[in-house]
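Morning, everyone. Today I'm talking about aromatic rings. Please look at the model first.

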Amino acid sequence: MKRTGRGAISDDEVTEALALIDRSGMAVWLEAELGASRRRPGRPRRISVKALLCALLLLATDDRPLHLSGATEVLFLRLSEQAKATLGVKGQAADRRSFLARYRQVRYLFGAISSVLDPSGLIKNRRLPTDEFTKRCTTVSVHDAESARGRLELFMGALLCASADEFNPGPERPPLAFGLDATPVPLFSRGPSVRTGLCASDPDGGWYVRDGDHREREDHKGRVHSRVAWALEATVLTTASPEPGTLGAFPNLVIGLALGRPGIDPGGTAVRVLRGALVRGFAPGPLGVDRAYSGALSTGFHLPVRAMGFDLVVDYRVDQLGRQANSHGAVMVEGTWYCPSMPEHLVGATVDLRAGRIDGATYAARIGARADFALRRKSGPDVDGYERFMCPARGAHPKVRCGLRPTSLSALGKRTVDAVPQEVPALCRQSAITIAPDVGARHAQSLPFGSESWARHYATLRNTIEGWNGFAKDPSHEALAQPARRRVRGIAAQGVLITFLYMAANLRKIDTHRRQMDDLRALEARKRARRRVSLSDYLPA
C-alpha cells in the first residue's frame, strides 16, 4: 500500500517549529555530541538532528502519536519541497520499500540521540529470564550515569524553556510562583513477572502506587495496593501566578522536568529541576509542594531549596502536626516559631480538625489566636540563613502579657500568658535569640500554616500543578497517560518524547492565556466605555 501522509503541513508551521528548535540550541549541541561519540567515519546521514526534532514537535502539536513512523511521514510525505530543503531532508518515500528505508534512517538517528542522553545500561525490548537479563546488561559507572542524566535533563529543560519563551511579556520575566509535583507516566511495557521469572521489556521503569512514597506495592500491614502501574515518575515544575486568584501576567507553563523510577530520591530530583530553572533565568519565588516532600530529608530537599531562594508553601502529614522543633525555648508549631506557653488547644488545632473534634470556624479562630504567640522577627535571615527573634511580650507594643516581661503587663486588652515555664529559657531572659537555618528546616515555612493567606497560596500552587497533570494527560491532545502513543522504550527515549508533549501543551497554554488576556482587556474597555464623564475631557488644549 502506498503511503500518502495525513495532510500537508504548512511552511509557516515548519518555520515556527524550526525557530523554536533553534532557540533551544539543542540541535547544534546534539550534533556536536554525536560527532564526538562517533567511533569511525561512515555514510553521511540523510536526516539532520534539527529535522527530526522539528518532525517530533510537529507531530506533538498536531495531537498525533509520537511514533517514529509518524515522524518519517512528516519528513518525507507531509512537507513541501521548500520545507524539505529548509530542513535539509533528502530522499523520497514513494512506495513501501523506500518508506521503510527512510524509516530506518529516522529510527537510527533517534537511537543515536537516545544513546547520548541515556543514563541506563539495561537491556530494552526483551522479556528475558532474570539471570540472562543480568548478564546482558551493561555496567554504567556512577559518574557516567550522572553525566548522561545531566545531559538528558539539560535537553529537556532547554526545549521546555524555548517553548515558554514563545510568550514574551517583555525584556525580563515577571515575578512568578511555582508548583512542583511528581506524576506517573505509564510505559509501553509489561512489568517484571514473579510467576514467569521474566524481566520488564522496559526495565527503566518501576511499579507506581498512589500511596506512600509511590514505590511500595504493599503497605505496612502487608496489604497489596490495587492501583499499580509500570511507569516512570516525572517530576514537573510549573509556573503559577504569585497573586492567588488572579490571572497572572505570565501563563502557567512547564519549565522543568526530570524522569526516574517512582519514589527514588524525590527530594534530590526536585532540587535538580529547580536548579535547572534558575540556570535558565527564572528567579526564585513561592514554591508549593505536597506532603510527599514534607517527609524528605531536610539536607536533601528543604535546605537546598531555601538556599536557592525559594519560599516553601507545604502541607503536613498527620504525624507531623503540632510541635515540630524547639530552639532556646522557642517552639516550632507547624512551621512557625511560637512562645513555649502557647495554650495546648492552639497547638493541637490542626490535629483536632483532622480528627473531626472541631469545625472549620473553630479552627480558623484558633489559627488566628496563634498570631499573638508567634515570635517577633528582629532581623534576618542573613546571608547564612540565621534569623533573630524576640519574645512576643517584648517591645513597645507587646502582643501578650507575661509575668517574665514586667513591661508587658501594662498592655491593655492583651491575652495574658498563663503557664510560665519553671526553668526560664533563653527566649524569656534575653532580648532576642538566634535560630540556625537547619533547626526545624524540614517543616519551616514563612506563611502561618492553616491561615487564610497560607490556604490561598497553597490552593493556587497545588491547583496549578494538579491541573497541569490533567491538562497534559487529556486523551484528545497530548495524552501523556497513554503509553501506546509513546512506544520507544528506555528512559532517554521516553524523556525526548515526553518533552515534546509538554512543549505542545505549553504552546496550547500560551494560546489560551493570550485569549484570556484579550478578553480581559476587552472587558475593561467596555467598563470604561460605560462612563459618561472622564477627567481627560477637561485637559487644556
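Tyr316, Phe449, Trp454 and Tyr458 are linked into a cluster by ring pairs. A pair here means rings of Phe, Tyr or Trp (its six-membered ring) with centres within 6.5 Å; planes under 30 degrees apart are stacked, over 60 edge-to-face, and the rest tilted. This is a predicted model, where local features need pLDDT of at least 70, side-chain atom pairs count only at pLDDT 80 or more, and totals for chains, interfaces and linings use all residues. Residues are numbered from 1 along each chain as its sequence is written, and side-chain values use heavy atoms, leaving out hydrogens and water.

How many aromatic pairs are there in the whole structure? A search finds nine.

Take Phe167 and Phe250. Their ring centres are 5.7 Å apart and their planes stand at 90 degrees, so this pair is edge-to-face. Are these two buried or exposed? Buried means under 20% relative accessible area, exposed over 50%, partly exposed in between (1.4 Å probe, protein chains only). Phe167 is buried at 12%. Phe250 is buried at 3%.

Tyr316 and Phe449 have ring centres 4.9 Å apart and planes at 50 degrees, so they are tilted. Tyr316 is buried, at 0% relative accessibility. Phe449 is buried too, at 4%.

Last, charges over rings. That requires NZ of Lys or CZ of Arg within 6 Å of the ring centre and within 35 degrees of the ring normal. The charged end of Lys509 sits over the Phe471 ring, 4.6 Å from its centre. Arg102 has its charged end over the ring of Phe76, 6.0 Å from the centre.
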